Amino acid sequence: MIMELEQTKKNIYITTNVACNLRCVYCYENKIGNDEFDVEQTKQKLFEQLSSPSDESVIVNLHGGEPFLVFSKIKELCEWTWAQDFKTHYVFFATTNGTKVHGEIKDWLYENRHRFVAGLSLDGTREMQNMNRSNSFDLIDIDFFAKTWPNQGVKMTVSPKSIETLADGVMFLHSVGLHNILVNLAYMVDWSAPHFVHVYQRELRRLAKFYKENPDLKKDSIFNLCFPILVSEQGRTRRWCGAGVEMMAYNIDGSQYPCHLFFENVCGKEKSQAWHDIDWANPKEYISEECSKCPLYPTCPTCYGANYIERGSIGSRDMNLCKLEKVRTLEVAKYEYDRIVNSKEDTNSLSVEELQSRMATLEAIEKIVPLLESIEQELKDLNVEV
Ligand code: SF4
Ligand code: SF4
């Protein structure tokens, strides 16, 4: 059974190939090699996973390298799968750099857009994309992605270079019709320079002004900060992804891992073999002692794979990103407070859900005022304007 992406629960990652035609500045994968997935073996895996009826729906992620470099194999796998009468709900998904999505590939994707979703990685303006992703801006048919999957997120990764124009990047993506913008600060790069705190704050303030002037736009993921969860108990053990728990990733040779960052070609042989020793369900493993005491833990994102590769533990975060997360919390709290308190909207025109959400946000922000004040003080000590 085929289904919408938003309804899915379980993730299966299938590595289709290692090669990529770009060399992104923050890429952590070893893209050397021509290994490609075995279609027959993968059919067998999907047969095992999708045959029996399940309440859990599945996203079958086809993951590269750049997956559309092996389009003919992807096509064969998908068309075989669609011809089966699987009882589990599923949808195919591939993250792509978009540069190969033209001609036959584009036609096939359009025809199958209801059962195959392609998520574009695009790092903002032409300059930002070209700086981060091998001068590839002009090779992408942005309009095709915006119109074919209008609700699908676009992944905008911010590097230490492109952070200088972060706000321009987000505004640009909105201007070309990509309104579900998933922004993330690149992992496994050097964020240690103190000036990033100032730059990030400046860019967040520019974005806050932009969203204030354009209230009907869906805010990018940086601004999607759920304040009520900061003051809830359940947020204290929140997980950031399903790696090691409800996700499984298959490498080219068919072996299984918590996510693709644990493949040997990404994290090295020794670490790749040691992931079995991790107790994935134990908060003590995925939350460091320092972060377990931090009030911002419930909304502070991380990547377990990046932590494991760089510092040997899934809970051990890059503490250079810590300061940036504090700036984000402060600026988004100010934005949300202003948006709600100074709203000129007639509250009678708002839905009950929207009113409840605003009330819960306001109450949570009011509860964390001392925390916001302490962040302000910390930033002042860093000579950041607050
Ligand atoms: S803000 Fe810093 S201390 Fe708090 S959870 Fe994030 S990284 Fe850990
Ligand atoms: S560990 Fe990192 S890369 Fe892997 S699924 Fe989680 S967030 Fe994504």
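Where is the place of Asn135? Asn135 sits in the loop between α4 and α5.

1. **Basis.** This is a predicted model: local features need pLDDT of at least 70, side-chain atom pairs count only at pLDDT 80 or more, and totals for chains, interfaces and linings use all residues. Residues are numbered from 1 along each chain as its sequence is written, and chains are lettered from A and ligands numbered from 1 in the order in which they are written.

2. **The α4–α5 loop.** Phi of Asn135 is near 50°, a positive value in a residue other than glycine. Ser134 is found in this loop, between α4 (126-132) and α5 (142-148). Phi of Ser134 is likewise near 50°. Most residues other than glycine have a negative phi. Helices here are DSSP runs (H or I, at least four residues), as are strands (E, at least two), numbered from the N terminus.

3. Asn135 is exposed, with 11 other C-beta atoms within 10 Å. Ser134 has 18 C-beta neighbours inside 10 Å and counts as partly exposed. The cut-offs: buried at 20 or more other C-beta atoms within 10 Å, exposed at 12 or fewer, partly exposed in between, with C-beta atoms placed from the backbone.

4. **Sheet.** Six strands form an open sheet of mixed pairing, in the order β4-β3-β2-β1-β7-β8. Strands pair if DSSP finds at least two bridges between them. β4 (116-120) and β8 (256-257) stand at the edges, each with a single partner strand, so one side of each is left without a neighbour in the sheet.

5. **β1 and β7.** Strand β1 (residues 10-15) pairs with strand β7 (residues 247-250) in the parallel sense, over four bridges. Ile14 has Tyr250 in β7 as its bridge partner.

6. **Helix on the sheet.** Helix α1 (residues 39-50) lies across β1, β2 (58-63), β3 (90-96) and β7. α1 runs at about 165° to β2. Axes are lines fitted to C-alpha atoms, for helices over the stretch in contact; angles run from 0 to 180 degrees between N-to-C directions.

7. Beyond its neighbours within four places in sequence, Leu173 is in contact (C-beta atoms within 7 Å) with residues including Leu122, Val154 and Ile181.

8. **Ligand 1.** The shell around ligand 1 (C-beta atom within 6 Å) includes Cys291, Cys294, Cys300 and Cys322. α14 (320-341) and α12 (289-292) each give two or more residues. α14 gives the largest share, three residues.

Key. Contact = placed C-beta atoms within 7 Å.
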